[in-house]
Structure formats: structure tokens, C-alpha cells
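Hi,

Here is the structure I promised to send over. Have a look, and then read on for what turned up in it.

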Amino acid sequence: MSIRFLSPEDAQKVAAGEVVERPANIVKELIENSIDAHATHIELSVANGGKTHIRITDNGTGMSEADARLCFERHATSKLFTFNDLPTVSTFGFRGEALASVCGVAKVTLTTKQQGEIEGLQLTIQEGKILSSKTVAAPVGTTFIVDDLFYNIPARKKFLKTTATEWNQIVALFKAFCLTYPSLHFVLLHDNTQVYNCPPVTTLHDRVGQLFDPALSASALTLSSTEDKGISVTGVTTNPHYSRYDRGGLYFFVNKRLVKNYQLARAVLKGFCNVLPANKYPFAVIHLEIDPLTVDVNIHPKKEEVLFLHPHIIEQAITKAITTTLEQYMSQRLAPAHKPNPLYVSEPFFTPNNPGFDPFFERSITPHSYNFPTEPIAKTFYLQEPPSETHQHPLLEIPKEPFQDENLHAVEEVSYRIIGQLHKTYLLLEHKDGMLVIDQHAAHERILYERFGKNFGKTETIQLLFPLIITLSPSDLAILIPYASLLHEQGIQCEQFGEEQLRITAVPVYAKQIPLQELVQELVGWIKENDSQPAADFFKTLTEKMRAQLACKAAVKAGDVLTMDAMEQLLRDLQTTERRFSCPHGRPTQWLVSTHEIEKKFKRIA
Ligand code: ADP
Ligand code: MG
């Protein structure tokens, strides 16, 4: 067979088919054109997932008759463009290609009118040629109708996916545009039914509310924006009470362009590390503004991948924005419930003088009992008999002297009313938005875990008067000894003692009571399990596990009775702890039962 040239029409079809792969590609180009034409209202209507019909109407500048006739030509563009713009150009291939490509693979109708014109112009185009032209009544702006995608390329048509799949792609894209331009009005219809209507809003947070389900919107947090080293990070994420099972809720925009990049996703997840349980993902919309010269936008039309010149700086900026936001969120959650109203201050219900008080009984017979205790933290009363000293957890010991800290004022400011301890496991707090339930073990575990991390390598230790002997099998001991430094780092001084014994000579102050035999055996188990990892990761993993396990073992347990003072101390510590909303294993430390939920339950509200 001899070599021959394709006809220009076929060449165009091939080229267009290369770039237009699916309806969403067309939608993207047309919406971008509308935005470029300064439209403030963009309505997208599709049928059959865009396979048979796409219509985009905008109220932008419209086109003159001459422009309308030209815009389908290959390389026809009204937009300034030099090769230096390449990295920022986000459309099909190069400037001026999009409409030409679309017109090569579908039946297109264009209706457009400019400001000041009396009539609009309507053109129908097929295979890049104008089939008909007429004047019509039309509003200022432009409407593109794209029918029967790939009507002329059956081979391509076969590759279109199901209506549901194509529709989902369009929805994802539509949402991306809405999230990029909150100040524009976007409407989306499918098979003539309106699916989204997003009037202009002033914040991304509000836009999220228009697009996503109520549970997500209720959890949305505006990212505390950062601007550092020429990188600006803004956006919205969700609080730790929201999660999903996939990464589909992570949106990234670089200089307003939707991108995919695993490093960016990783940075967000790092910010949520230990906040969400494993295999749960947050929602986040992250807008990055960076010097276009430091990002390589893969201009291949079908791809959204990007490469960064300094990925680490960007990752750090994102992680920081996320962690700061979560921190702020939690600080607010633990903020003062309310100042006591002096008129209502009364004797607390439960006093050491009245240990057998029964609130239900008492309330029914004496009107005085309706005086609710309203002191922010009543330090003098116990819900239980005052627990004996031995019940007091060593790490929650309260100084006997009044608190002399300079920060006393600040600490006192941050008060919530402790209702008490539930089943010796949970602290119940009155909170301005409802009732806060805190898991005492999870919370304390997190406090210790963060504290151990900060004091890494400089833990205060005590020498044991009688060394503790731990017996292991010879093979386990042989496995352990090369990693003895892991124990030393945590303040556990030890040495080999014969064939099958480890002698522990000093332990951290806090670890006086923890079962060290168990801990050492666990450490041997981790070493065996993880030794296929590269050395650096391996040490990191083991250190993390040790830290988490020590925190777990040293923390108060469910079942430990806490005094009011101890609870107070725990809350005070929690307040200044990083990542305080989950324990190191990812379990939440707290749960807010909202007043709304309570009122609903009691049918005070509908
Ligand atoms: P490009 O956007 O790269 O310029 P396109 O093929 O997408 O290339 O569009 C060609 C030209 O058609 C644009 O430069 C613009 O002048 C005009 N155009 C396309 N869509 C619209 C629209 N919705 N409103 C006004 N002008 C438009
Ligand atoms: Mg364009």
C-alpha cells in the first residue's frame, strides 16, 4: 500500500477526535470561553450525559458577525498569546483550537449577540463548515449547542462511556468551575431537570454549601490562608467529624486551574494524619497561587497532572494550612461555654457535705432544687465520693497550692462547665453548642503522645532501686538488642543480662506503673513484622509505635475515677495539645452532641 495524505477534512477529524475524547472535554472548553468573555451567568444543559446534547448559554460579551464566522477556524483566537503563556494556557492544545476541534466532531449551533446590536446571529456548523446563517432574536451573550457527538466518527462514538459515567465527569467539572469562581452564577441541567443552581456568593465556604450535601457543608471550615515564599494557599476543608471513604473530595487548583497531583493530596492527608481514622478521607478545596514559572502544567488536553519545581515547599504550605485550621477549630470548640450569670449562682448540688444527694428525689420535693449549679467549674464537689489518693492518676496530679502560673488568667478564661464523669470513662461538659463528650483515655493518650514527641530523647527518668528483669526467648532477645536504642530514646535504660534476660535499670518518671514486660514483647513483635521496610522508615515506624504504645499504657483508662481537679487538669492539658481531636490510633477524643440534636430528640423543634 502506498503512502498518501489524508484529506484536510479527515485530518481535522483525526486531530479533533484526539483532543475531544468525551463530552466533559467540550464542556470545559465552552465554559472557559464563557468566562473569558466576562460572563457572570453561565447555564449548562446536557442530555444523555452530554453524548447527544450540550448547551451552554452565557451573558458574556458575545461576538461580532465577523468573529462568529471566524471562531471555528483552526488557530482563530482573540486572546493574546505568546509562547511565554504556554504554561498558563489551560485549553485544548494551543490557543484557538477548541472550537475548531468541537466543530470537527459534532453538530454545532452558535447564537450570539453583542451589546448594542438589535439582532443576534445564528450559525449552524458541521465538519468545520457553516451550513446556515440567520438573524434571530437573542439576549446579549453566546449560546453554543453541541449535538450528536461523534456522529461522523462511529469508531470514537463506541468509546463513549455510559450516560451515568459521562454525566459524572460533567458534574465533577461543573463543580470545579463553581469552586474556582464563586462570584459567578452557574446553573446545571440534566435532561431538562435543574440539578444545581449556584447564584453568586462571596466566599468559597458558601459555594461549598451550594454544591455539597448538608453534612459536608455543616463541617466545612475556611482554611486559614497562608502566604509564604510566594505561595498562597486558600480554600475550604472539613472538620474531623466529617470523613469519606475515598479521595474524591479533594480538589486542587493551581492558579485557578484544576489539577491532579498526588503530592498535593498527600500534603492534605498529612495535615489530617492522626485526626481521621485510617482509610477515611477529608474533603478539601485548595487554591494555590504560585509563580507560573515554577509549575509545569502538562498541556496535554486530556491530562490534569502538574509538576512543581519545589514540591516540598508547596506540600509544607498545604499541610500547615490544614493543621492550623484544625487547631483553630478545636480551640474554638474548647472555648468558654458561657460566663455564669451571677443571679443564678447557687450552692452546688453535690457537695462533700451532701454526698447522698439524689437529684431526682430532691427535685420533686423542694422548689429550691431548681436552682441549677451554674459555676463554670465547681472545684469543691464530686460526683462520686471523693476518690482516695490512689485513684488519682499520677499524670493528672494537681498541685496542692493554688495555681501560681502567670497564665492563670488565660486558663481561667477558658472555662466550660464540667457536668461530670460518665461510667468512669467519659467527661461530660456543657458547651455553648451542646454537650461535649470527651473520652478520657483517648484524650489523655493524645496529650501524652504529643508530650513524648516534644521531649524526645530528654525524658526525665528515675533509677530503679531494684532493676527489673524481663525474660525473653534467646532468639527474641537477639532480635531486640540491636534496637535497644529505641527503648533508651524513650527513657527506658536497659541492657542484656545473660542469654535470655533483659535488665531494666531506669524508666521514665511517667512509666513507673506501665507493664514493661508487655511493652518489650510488643516491640519485638513490631521488629519482626516490619523489618522488610527500608532502614530509615523502619526506625521511624518503630519510634512512632513505641511512642503511641507508651502513651496508651501511661494514660488514664476507662474505669479510672477522676476528681474534678483531675478532669480540669486534663482539659487544660488538652487545650494546649496539638491534634487534640483524635488519639494516636485515630479514634476521636471528643464528640459534640449539639443542642440542636437534643432539642430535636425532645421534639422542642421540628
Ligand atoms: P481560544 O479560547 O483559545 O481563543 P477557542 O477556539 O476556544 O480558542 O475560541 C476561539 C475564539 O472564539 C475566542 O478567542 C473568542 O474570541 C471566541 N469565543 C468563543 N467562545 C466565546 C463566547 N462564549 N463568548 C464570546 N466569544 C467567544
Ligand atoms: Mg477557548
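To start with the cysteines: there are zero disulfides in the structure, counting as a disulfide a pair of cysteine sulfur atoms within 2.5 Å. For Cys103, the closest cysteine sulfur belongs to Cys71 and sits 7.1 Å away, too far for a bond. Cys103 is also buried, at 0% relative accessible area (buried means under 20%, exposed over 50%, partly exposed in between, with a 1.4 Å probe and protein chains only).

A word on provenance: this is a predicted model, where local features need pLDDT of at least 70 and side-chain atom pairs 80 or more, while totals for chains, interfaces and linings use all residues. Residues count from 1 along each chain as written, chains are lettered from A and ligands numbered from 1 in the order written, and side-chain values use heavy atoms, without hydrogens or water.

Now the ligand. Around ligand 1 there are 17 residues, and Asn33, Thr77, Ser78, Lys79 and Gly96 come nearest (near: a heavy atom within 4 Å). The Asn33 side chain has an N or O atom 2.8 Å from an oxygen of ligand 1, and the Asp58 side chain has one 2.9 Å from a ligand nitrogen. The protein buries 94% of the 530 Å² that ligand 1 exposes when taken alone (Shrake-Rupley, 1.4 Å probe; for residues, only the protein chains shown count as cover).

Cheers

Notes
A polar contact is a pair of N or O atoms within 3.5 Å; within protein, one must be able to donate a hydrogen and the other to accept it, and residues adjacent in sequence count only if both atoms are side-chain atoms.
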